[in-house]
Amino acid sequence: YYPFVLKEQGASLGQIGNALTIFLFAGGLGGLSGGFVAERFGGRAVTIWSCIITGPLLAVAFMFDGGTGLALLAAGGFALGSTIPVNVAM
């Protein structure tokens, strides 16, 4: 829904594409990091922490414009992506 929110806020197509790129790139980095963290602390811990922080980060990203919203979106994407290697391994 984030692209629709950005469009409603008056963002251009390029800005919407950049936001999605940032979200997906951060998710990819989260996936790489999540695997390493899961080896050290366990997959269960990574999954629990991801579930705790992803929702609030992405929900708050809708409330901010510009750089703050993009930073929260990237953090949420990172947290969301960190569980992918854990889920694949399980």
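The structure is a predicted model, in which local features need pLDDT of at least 70, side-chain atom pairs count only at pLDDT 80 or more, and totals for chains, interfaces and linings use all residues. Residues are numbered from 1 along each chain as its sequence is written, and side-chain values use heavy atoms, with hydrogens and water left out.

The chain has five helices and zero strands. Helices (H or I, at least four residues) and strands (E, at least two) are DSSP runs, numbered from the N terminus. The pattern along the sequence is α-α-α-α-α. The C-alpha trace spans about 45 × 20 × 20 Å along its principal axes. Of the 90 residues in the chain, 30% are buried. Buried means under 20% relative accessible area, exposed over 50%, and partly exposed in between (1.4 Å probe, protein chains only).

Contacts (heavy atoms within 4.5 Å) were then examined. Among those between residues at least 6 apart in sequence, 70% join residues at least 24 apart.

H2 and H4 pack at an angle of about 35°, and their axes are 6 Å apart. Axes are lines fitted to C-alpha atoms, for helices over the stretch in contact; angles run from 0 to 180 degrees between N-to-C directions. Residues of H2 in this contact include Ala19, Phe23, Gly27 and Gly31. On the H4 side, Leu73, Ala74, Gly77 and Phe78 are among them. By class, the contact of H2 with H4 has 10 nonpolar, six polar and no charged residues. Here Ala, Val, Leu, Ile, Met, Phe, Trp, Tyr, Cys and Pro count as nonpolar, Asp, Glu, Lys and Arg as charged, and the others, Gly among them, as polar.

The largest nonpolar core has eight residues: Tyr2, Leu6, Ala11, Ile16, Ala19, Ala61, Leu72 and Leu73. At least two residues of this core come from each of helix H1 (2–8), helix H2 (13–41) and helix H4 (66–81). A nonpolar core is a set of buried Ala, Val, Leu, Ile, Met, Phe, Trp, Tyr and Cys residues joined through side-chain atoms within 4.5 Å. Ala11 touches Leu6 and Ile16, not counting residues up to four places away in sequence.

Thr83 lies in the loop between H4 and helix H5 (84–89). Thr83 counts as buried because its relative accessibility is 11%. Leaving aside neighbours within four places in sequence, Thr83 is in contact with Val46, Thr47 and Ser50.
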